[in-house]
Amino acid sequence: NMSATVAAARPSSRFPSSRRFNAPRTRTRGRSVVRRVTQPDEPQPDDFVTFNAIVGGGDWSVVQAQVREAAVSGRLTPGVLGAAYSVYEKCKETAEAPEVLKTLENVILLLTQTLQQLDATPAVRLIDELMTIDPFVEGARVKAAVDDAYAKGSVAPDDLKGSLQMMLDGMAEQDEAWEKHVAQASQTSSKEEFEQLLAHASGRMEAQRRLTQLKAICDAQ
């Protein structure tokens, strides 16, 4: 029920204007890929208006569409993220239903990821696009997209290669922690949790496979 969320999203909530909200760390595909970690700003009245518009539809697909629209129009700012944290904290204080809190957590994650994408370099945005293509199956298509970016001057070869290497280095740095996580999580007696672990592991391996091949294609050009 997002109505409680919307009702709570008012600038006049109990949070003083001087309060700042700290964003949790979010996973990225490599250390320093994004120029800075997105931090929430003090929310202003307009930020709450935008936040209300984002969550007002209730349905998750509508929320996603509203976030995209706010990003395109330039209304999505760290202040909107601050408004989301403000509402989330208020809902925790007033003991809102767990599903409301979970929805707000998902909204905060979506806002953070979208702001990071907006803050990303052209090379990282190109890599995001290329990661949707299997470079082993459609290598020619990947090569054509890279050639096109180079020809247009939207991405410099060194920037693209450097970003790919940073992503691979970031994944390599996380390998030890990931192996420990897998070892612990594999002990679960929950079939659902184990299937989620397998899906996560498969996705991670696929991402590493594609990044490695993308790097090889770019190095060969």
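Two residues are in contact when heavy atoms of one lie within 4.5 Å of heavy atoms of the other. Keep that idea in mind as we walk through this structure, which is a predicted model.

**The chain as a whole**

Let's start with the overall plan. The chain holds nine helices and zero strands, so its elements, followed from the N terminus, read α-α-α-α-α-α-α-α-α. Of the 221 residues, 38% are buried.

The table sets out two pairs.

| Helix pair | Axes come within | Crossing angle | Handedness |
|---|---|---|---|
| α7 (residues 139–152) and α9 (residues 191–220) | 10 Å | roughly 55° | right-handed |
| α3 (residues 60–73) and α5 (residues 98–119) | 11 Å | roughly 30° | right-handed |

The axes of α3 and α5 cross at roughly 30°. Angles under 35 degrees count as roughly parallel, and therefore α3 is roughly parallel to α5. From α3, the contact uses Trp 60, Val 63, Gln 64, Val 67 and Ala 71. From α5, it uses Thr 103, Asn 106, Val 107, Leu 110, Leu 111, Thr 114 and Leu 118.

**One face of α6**

Helix α6 spans residues 122–130. Which of its residues are buried? They are Ala 123, Val 124, Leu 126, Ile 127 and Leu 130. If you look down the axis of α6, these buried residues fall within an arc of 160°, so they line one face of the helix.

Finally, find Cys 91 and Cys 218 in the structure. Are they buried or exposed? A residue counts as buried when its relative accessible area is under 20%. Cys 91 has 0% relative accessibility, so Cys 91 is buried. Cys 218 has a relative accessible area of 1%, and therefore Cys 218 is buried too. How many disulfides does a search of the whole structure find? The search finds zero.

Terms used: Residues numbered from 1 in each chain as written. Predicted model: local features only at pLDDT ≥ 70, side-chain atom pairs only at ≥ 80, totals over all residues. Heavy atoms only, no water. Disulfide = S-S within 2.5 Å. Buried < 20%, exposed > 50% of the residue type's maximum accessible area, 1.4 Å probe, protein only. Helix = DSSP H or I, 4+ residues; strand = E, 2+ residues; numbered from the N terminus. Arc of directions from axis to C-beta. Axes fitted to C-alpha atoms, helices over the stretch in contact; angles between N-to-C directions. Left-handed = near helix turned anticlockwise from the far one by under 90°. Parallel < 35°, antiparallel > 145°, perpendicular 65-115°, else oblique.
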